Amino acid sequence: MANLFTVTPHTAIDQIITLEQLHAGNLTANTIQHYAAGKGVNVAKTITAMKTPVTTLGFIGQQSRASFQPLNSTLLTADFSNVPGLTRYNITLQTAAIDQETHIRTPGFAVTETDSLALIHKINRHTQPGDIIILSGSLPRGASTHFYADIITHCRHKSARVFLDTSGPNMATSVQALPFLIKPNVAEMEALIGHRLTTNRAILNAAQYFIRQGVEVVIVSLGKNGIIAVTQTEALLAYCDKLPSQKLITTVGCGDALVGGLALAYQQNKSFAEALKLGIACATANLFSQEPGMVAPPLVDEIKSTVKLDSLKNL
Ligand SMILES: Nc1ncnc2c1ncn2[C@@H]1O[C@H](COP(=O)(O)OP(=O)(O)OP(=O)(O)O)[C@@H](O)[C@H]1O
Ligand SMILES: [Mg+2]
């Protein structure tokens with residue numbers, strides 16, 4: 001069976017601190033949670049939560065190695081490349097007012113051209129035809145905007161499939177290199193196409209533009225409204241119209257869980273409709289987990305059976 005790899009050039013350590021109140025002065029935290037993270041790491045957590053092996057690659061700061069070591073398990077192989085410095089922190093301060101989170105982001109390591117070439121080479125060495133390589137998230141300081149494009153080009157040559165979920169200045173260049181699948185949200189698709197997208201028709205047109213360019217699958221995620229999923233022959237709106245009754249915990253990582261579910265389905269040669277159902281089910285299950293990407297398989301199964309697919313052919 002095809003192997004799954006996730007690549008996170010810009011890893012992070014997520015720290016979630018809960019407090020009674022937030023104000024200047026001395027504060028005592030109620031709880032502190034600490035997760036080795038970054039978008040591709042979250043995708044790998046979804047894949048292993050669904051009982052499937054995955055290798056996770058990317059850069060980490062040498063001084064932060066101890067935080068990433070515990071990711072390794074029987075299903076998850078963490079094979080990061082060390083660069084000098086610290087991995088950045090994403091610190092979230094939570095109080096009882098759930099809609100008033102405070103986020104503090106620290107700058108992290110920078111990479112050199114030699115670091116980038118070494119990681120591209122490593123990905124090349126590890127991957128075989130048919131494998132799925134998931135490129136996730138932004139690029140660290142020092143990485144060329146061609147970093148993902150170079151990986152995509154290498155993977156295309158050996159018939160490995162790249163799933164791309166990125167944003168920012170590298171996105172257009174990366175998409176031009178024609179990954180197998182792209183997963184922008186609406187804001188990312190707007191940045192890519194260069195204009196606002198206010199209707200499903202407009203999103204579908206934008207997705208079809210990239211299909212004509214040569215991307216095989218375009219998945220535009222619409223937050224609570226699900227996804228618009230397009231290939232050369234299909235155009236579907238997929239969504240979960242009845243959320244489980246449990247308390248929703250966080251939307252962080254829903255896009256990553258979506259990508260993880262899609263990758264699992266493609267690895268298992270499922271139909272397009274089944275892939276969308278598994279993707280939406282993993283994304284929705286992520287809403288009910290504190291740790292981004294971690295999903296509970298029974299909940300994924302339960303949600304999968306409720307996912308709706310509407311054709312957009314006559315939109
Ligand atoms: N509030 C919500 N209610 C129900 N489903 C949601 C909600 N938010 C996200 N989802 C599910 O998760 C999927 C991905 O979410 P979204 O479009 O927010 O991705 P994203 O912006 O890439 O997220 P991130 O990059 O933070 O992981 C959606 O297509 C949907 O299936
Ligand atoms: Mg996203």
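## The second largest pocket

In this predicted model, strand E3 (31–37) and helix H1 (39–49) each give two or more residues to the lining of the second largest pocket. E3 makes the largest contribution to that lining, with 3 residues. The pocket itself has a volume of about 200 Å³.

Who's in the lining? The list runs His34, Tyr35, Ala36, Lys45, Thr48, Ser67, Pro70, Leu71, Ser73, Leu76, Glu291 and Met294.

## H1 against H8

Helix H1 also has a partner to look at. Its axis and that of helix H8 (residues 254–267) come within 8 Å, crossing at roughly 50 degrees. As for handedness, the H1 and H8 crossing is right-handed.

Which residues actually make the contact? On the H1 side you'll find Lys39, Asn42, Val43, Thr46 and Ile47. H8 answers with Asp256, Ala257, Val259, Gly260, Gly261 and Leu264. Taken together, the residues of this H1 and H8 contact split into 5 nonpolar, 4 polar and 2 charged.

## Putting H1 in context

So what does H1 do in this picture? Helix H1 supplies at least two residues to the lining of the second largest pocket, and Lys39, Asn42, Val43, Thr46 and Ile47 of H1 take part in the contact with H8.

Note on methods
Residues are numbered from 1 along each chain as its sequence is written. Chains are lettered from A and ligands numbered from 1 in the order in which they are written. This is a predicted model: local features need pLDDT of at least 70, side-chain atom pairs count only at pLDDT 80 or more; totals for chains, interfaces and linings use all residues. Side-chain values use heavy atoms; hydrogens and water are left out. On a 1 Å grid over the protein atoms alone, a cavity is a set of points where a 1.4 Å probe fits but cannot get out, and a pocket is an open set with protein on both sides within 12 Å along at least five of seven lines; lining residues have an atom within 4 Å of a point. Grid points are joined across faces, edges and corners, and a volume is the space filled by probe spheres set on the points. Helices (H or I, at least four residues) and strands (E, at least two) are DSSP runs, numbered from the N terminus. Axes are lines fitted to C-alpha atoms, for helices over the stretch in contact, and angles run from 0 to 180 degrees between N-to-C directions. A crossing is left-handed if the near helix is turned anticlockwise from the far one by less than a right angle, and right-handed if clockwise. Contact means heavy atoms within 4.5 Å. Ala, Val, Leu, Ile, Met, Phe, Trp, Tyr, Cys and Pro count as nonpolar, Asp, Glu, Lys and Arg as charged, and the others, Gly among them, as polar.
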